[in-house]
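Hello,

Here is the structure I promised to pass on to you. Please have a look at it first, and then read on for what I found.

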Amino acid sequence: MILVVDDKSENLITLQKTLKSRGFETETALSGEEALKKIIQTEFKLIILDVQMPGMDGFEVAEAIGGFSKIKDIPIIFLSAVNVNKEFITKGYAAGARDYLVKPFDIDILILKIKTFIRLHQQTIELSRMQETLLEEIEQRKLAESKKDEFISIASHELNTPLTSLKGYLQLAERTLKSGDFEKSGVYLAQTKSQSDKLHRLVGDLLDSTKIQAGRLNLVYSRFDFESFLQSTIDIIHQSYPGRKIAKLGLVEQQVYADQVRLEQVLINYLTNAIKYAPDADQVFLEVNLLSGSRIEVRVKDQGMGIPIDKQARLFDKFYRAEEALNHFQGLGMGLYICAEIVKQHHGEYGVESEPGKGSSFYFRIPINCTEYIPFE
Ligand code: ADP
């Protein structure tokens, strides 16, 4: 849309007709003030501005346009019958004009100029949009790059810690074996097992995170007994944390159709977190309930440090670690993110209820049949 501004309506009508016959849509204004109002409301591609007008003249309109960052680049062509000397033409360009035509003008030349200016204006808009997008992308890449660097450094540190312990315990085991102190070497070897389990879990989490990113965390469904599954998971935890008690509450004697290995991973994660983030508590609770709608709920409760309410929603985000954890406990902040993905893929829900200083209750709920298709035995 082109805006034509002239205080003489006969000029406006003639120019509007001509432009229309050449395929241009136009809007008109009979004064500088009216023109400004319309320019602010509508996005024009070009403005044809009469210089000599009572009230606000063409130069003043152009200067006012220059003050608005959004519209300051709209091309302006001045038309003038009176002010034809060099001084006035210079003033027109200084006010922001792209061109200055003196009446009477050749309409074909005007049309050519209009087309050229509109094209140039559009190219400028596209270029600045492209520039903006590129700048945004550069910023995002920089951010991603620095996050990646940060992650690599945290991950290396996390992997290095159990690796160093592993090496230390192996040396101790070797020494005690040589001196014939088999009891001690047994203890050290058990420690190497626990450190290598930690390493195994960390590497597993890293691999899972890559799989989730690539949409390749494929579940393998089977039918299994839920109570036996809970018991065997408790046994695994007992092996890694022999001194910690897990109190089992509730009973759900159900056959479940789900990915047992992945659900075990979720439960182990909840339980190890409950142990890790409640170092002074003597027991952790594992509660199971049958819910309406053929769903099972599993809760892991601890009496640990708890999580402030404003942090709870982000716990299942990738790499998120609450400050309280950051300073005192090691971790990558990936465990709960992976748990969330696994539960989501089971068409389930997950969440946490927690109070700082009192403890947390992490839960997940899954349908007894986690897929639509249930094979018959
Ligand atoms: P990580 O334990 O490696 O940090 P997770 O994804 O398992 O990673 O947990 C994310 C964050 O959630 C932890 O850093 C911690 O802040 C918080 N969190 C998880 N479980 C508990 C818990 N039982 N008690 C208190 N905070 C917890």
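Predicted model: local features only at pLDDT ≥ 70, side-chain atom pairs only at ≥ 80, totals over all residues.

Which residues of α6 are buried?

**The whole chain**

You will find eleven helices and twelve strands in the chain. A compact globule of 377 residues would have a radius of gyration near 21 Å, whereas this chain has 37 Å. Along the principal axes, its C-alpha atoms fill a box of roughly 110 × 55 × 40 Å. Of the 377 residues, 41% count as buried. The exposed surface comes to about 21,600 Å², and carbon and sulfur atoms supply 55% of that.

If you look at contacts between residues at least 6 apart in sequence, 68% of them join residues at least 24 apart. As for charge, there are 46 positive and 53 negative side chains, and the centres of the two sets lie 3 Å apart.

**Helix α6**

Now back to the opening question. The buried residues of α6 are Ser 185, Tyr 188, Thr 192, Gln 195, Leu 199, Leu 202, Asp 205, Asp 208, Ser 209 and Ile 212. These buried residues pack against α5 (107-178), α8 (260-276) and α11 (335-345).

The helix itself covers residues 182-213, which is 32 residues. After α6 comes Gly 215, with a positive phi near 65 degrees.

Leaving aside residues up to four places away in sequence, Ser 209 touches Lys 318, Met 334 and Ile 338. By contrast, Thr 176 is 33 residues from Ser 209 along the chain, and their C-alpha atoms are separated by 39 Å.

**Some loops to visit**

Start with the loop between β5 (99-102) and α5, where Pro 104 sits. A cis peptide bond joins Lys 103 to Pro 104, with omega at about -5 degrees.

Next, go to the loop between β9 (283-291) and β10 (295-301), which holds Ser 294. Ser 294 is not a glycine, yet its phi is positive, at about 50 degrees. With 48% relative accessibility, Ser 294 counts as partly exposed.

His 347 belongs to the loop between α11 and β11 (349-355). Here too phi is positive in a residue other than glycine, near 60 degrees. Is His 347 buried or exposed? Its relative accessible area is 59%, so His 347 is exposed.

The last stop is Gln 303, in the loop between β10 and α9 (309-312). Gln 303 counts as partly exposed, at 45% relative accessibility. Which residues does Gln 303 touch, not counting those up to four places away in sequence? They are Ala 278, Ala 281, Gln 283, Phe 285, Lys 358 and Gly 359. Ser 153, on the other hand, is 150 residues from Gln 303 along the chain, and 32 Å separates their C-alpha atoms.

Enjoy exploring, and write back with any questions.

Best wishes

Conventions:
Residues numbered from 1 in each chain as written. Heavy atoms only, no water. Helix = DSSP H or I, 4+ residues; strand = E, 2+ residues; numbered from the N terminus. Rg over C-alpha atoms; globule rule 2.2 N^0.38 Å. Buried < 20%, exposed > 50% of the residue type's maximum accessible area, 1.4 Å probe, protein only. Contact = heavy atoms within 4.5 Å. Areas by Shrake-Rupley, 256 points an atom, 1.4 Å probe, with all protein chains shown as cover. Lys, Arg positive; Asp, Glu negative; His and termini not counted. Charge placed at Lys NZ, Arg CZ, Asp CG, Glu CD. Expected span 1.5 Å × (residues − 1).
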